[in-house]
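I opened this entry to keep track of what I looked up, one topic at a time.

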Amino acid sequence: MTDGRSRLEQIKFELQKLQVFCLRNTMEFFLFALFAVFSSVHISNAVELTFELPDNEKQCFYEDIKAGEKTSVEFQVVTGGNYDVDCQIKGPDDRILYNKVKEQYGDHSFTTEKAGTYSVCFSNEFSTFSHKIIYLDWQTGEEKPLPGLEEHHQALTQMETSAQAVHENLNAVDDYQTHYKLRETQGRKRAEELGERVLYWSVGETIAILLVTIGQVFVLRNFFAEKKPSEMGYRQLH
């Protein structure tokens, strides 16, 4: 009887140890997932914005970058005109690194050779009446690792690997969401412009139909109008 009780107490103790172990691992994975979520959009240096570029104007953005930094620039014309813009990237010595004319979308990645101020300029000077809405994503440097993985000399555990995968997937989801929002905005703007054109065309057709109808009424009235005898005699004499 005593052996049975001791055996039962030992089983209970082992179950409590297993429960504590599972709870600790679950909390560890939860903390890693939280780190992945909060750091999913953390990049060493990044500029992501949408701005308006009026007609006949040029706008530039500047960034001080160290030598040997990986840099990527991505832009897209969201709305306006023929959805095109001039883009130019210059280095600190005014050397042109990237130059595109009347492009709707473009991206360029490079590694800086010199430290200094780099510029990204957008020009809408070729347009005389249409302004543009432009999306710009300028990233500099490499993404920082997750907290606790900065100097990890040993192999990653399964939880750390899962947290890293969650982090990368969240970055991909954020990128997809940004591009889908841009496409949705571009599609909505085109639909609104198409609706306006259809409205103007419908109004023009309605006015044309009314003018033709009124003209036909006057012509028909002239056909059936009674003519005065004096007018008929005057026409017969001539």
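Entry 1: I am working from a predicted model. I began with Asp84, which counts as buried at 12% relative accessibility. The cut-off for buried is under 20%, so Asp84 falls within it. Next I looked for a charged partner. The Asp84 side chain meets that of Lys132 in a salt bridge, 3.2 Å from N to O. This pair links distant parts of the chain. Asp84 sits in the loop between strand 3 and strand 4, Lys132 in strand 8, and 48 residues separate them. I then checked cover on the lysine: Lys132 is buried too, with a relative accessible area of 1%.

**Entry 2: other salt bridges.** How many salt bridges does the count come to? I noted 4. One of them joins Lys114 to Asp93, with the closest N and O atoms 3.6 Å apart. Here too the pair links distant parts of the chain, with the partners 21 residues apart. Lys114 is in the loop between strand 6 (105-111) and strand 7, and Asp93 is in the loop between strand 4 and strand 5. Lys114 is partly exposed at 46%. Asp93 is partly exposed at 41%.

I also looked up Glu184 and Arg188, whose side chains meet in a salt bridge at 2.8 Å, N to O. Both residues lie in helix 2, 4 residues apart, or about one turn of the helix. Glu184 is partly exposed at 45% relative accessibility. Arg188 is partly exposed at 40%.

**Entry 3: the whole chain.** I stepped back to the layout. The protein chain has 3 helices and 8 strands. From the N terminus, the order is α-β-β-β-β-β-β-β-β-α-α. Of its 238 residues, 24% are buried. Among contacts with a separation of 6 or more, 77% are between residues 24 or more positions apart. The accessible surface is about 17400 Å², and carbon and sulfur atoms hold 57% of that.

**Entry 4: strand 4.** Strand 5 (residues 96-103) runs antiparallel to strand 4, and 5 bridges join the two. Within that pairing, Gln88 has Asn99 as its bridge partner. Strands 4 and 5 form a hairpin with 5 residues between them. In the turn, Asp94 has a positive phi of about 65°. Strand 7 (residues 116-123) is also antiparallel to strand 4, again with 5 bridges. There, Asp86 stands opposite Ser123.

**Entry 5: the core.** I then looked up the largest nonpolar core, which has 19 residues. Phe51, Val85, Val120, Phe122 and Trp138 have the most contacts inside it. Strands 1, 2, 3, 4, 7 and 8 each supply at least two of its residues. I followed Val120 further. Beyond its neighbours within four places in sequence, its contacts include Phe61, Val73, Cys87, Ile89 and Trp138. Gln59 and Gln88 are also among them.

**Entry 6: a nonpolar patch outside.** Which residues form a nonpolar patch on the surface? I listed Leu199, Tyr200, Val203, Ile207 and Leu211, with about 540 Å² of accessible area together. Leu211 belongs to helix 2 (residues 158-224). Leu211 is exposed, at 59% relative accessible area. As background, nonpolar side chains in soluble globular proteins tend to be buried together.

How values were computed:
Residues are numbered from 1 along each chain as its sequence is written. This is a predicted model: local features need pLDDT of at least 70, side-chain atom pairs count only at pLDDT 80 or more; totals for chains, interfaces and linings use all residues. Side-chain values use heavy atoms; hydrogens and water are left out. Two strands pair if DSSP finds at least two bridges between them. Patches are made of residues with over 30% relative accessible area and no salt bridge: like charges are joined within 9 Å, nonpolar side chains (Val, Leu, Ile, Met, Phe, Trp, Tyr) within 5 Å. Accessible areas come from the Shrake-Rupley method with a 1.4 Å probe; for residues, only the protein chains shown count as cover. Buried means under 20% relative accessible area, exposed over 50%, partly exposed in between (1.4 Å probe, protein chains only). A nonpolar core is a set of buried Ala, Val, Leu, Ile, Met, Phe, Trp, Tyr and Cys residues joined through side-chain atoms within 4.5 Å. Contact means heavy atoms within 4.5 Å.
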